[in-house]
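Reader: Hi! Could you walk me through this structure?
Author: Happy to, let's look together.
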Amino acid sequence: MLSIYYGDMPQAIYNPVVFFKNTCTDDWIMDELSRKMIQDVDKSTVVGPRVIDSPVLGGISPRELSGGVKTLISIYKVPDKIFNASACGDNCAKWILKIAETQDITINLRHLMDFGEGEFTVKILNTGQFVHNMDELLPIAGMIVR
């Protein structure tokens with residue numbers, strides 16, 4: 001289940017990129033879901049725990065992954081922490097929903113993320129409301145994020 005808190009949230013990890021840099025282990029990168037997220041979002045292939053083949057940059061380390069992928073992997077691997085998912089673009093939204101299918105996660109957003117046209121279940125912590133699609137999410141989130 002995905003829970004979202006919109007706006008300033010002092011307990012959220014505001015800079016997930018720094019968290020990733022200081023916390024990531026080799027097994028995080030080698031995990032099958034992490035590999036899929038890296039391939040989809042960054043269009044890069046994990047060769048090994050410390051080598052990723054980027055079509056733009058060539059061989060890179062996990063430190064050179066995008067901020068969005070670093071945030072996704074952190075959310076996935078440390079679900080008890082709350083991350084500022086505004087470090088992610090809309091191309092990460094489907095992965096946030098996918099992670100939430102198997103574990104309870106809470107994210108902090110400071111913008112209106114587009115979760116697509118499909119159905120989903122999200123609890124908005126600011127109001128306690130549950131929403132099931134973007135048509136339900138936008139008016140509520142839009143009132144909070146200004």
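Author: Two strands pair if DSSP finds at least two bridges between them. Strands (E, at least two residues) and helices (H or I, at least four residues) are DSSP runs, numbered from the N terminus. The model is predicted: local features need pLDDT of at least 70, side-chain atom pairs count only at pLDDT 80 or more, and totals for chains, interfaces and linings use all residues. Residues are numbered from 1 along each chain as its sequence is written, and side-chain values use heavy atoms, leaving out hydrogens and water.

Reader: Which residue in β3 is the bridge partner of Val46?
Author: β2 and β3 (residues 51-54) run antiparallel and are joined by three bridges. The partner of Val46 in β3 is Ile52.

Reader: Is Ile38 buried or exposed?
Author: Ile38 lies in helix α3 (residues 32-42). Buried means under 20% relative accessible area, exposed over 50%, and partly exposed in between (1.4 Å probe, protein chains only). Because its relative accessibility is 0%, Ile38 counts as buried.

Reader: Which residues does Ile38 touch, not counting residues up to four places away in sequence?
Author: Contact means heavy atoms within 4.5 Å. Two residues that Ile38 touches, Val46 and Ile52, are also bridge partners.
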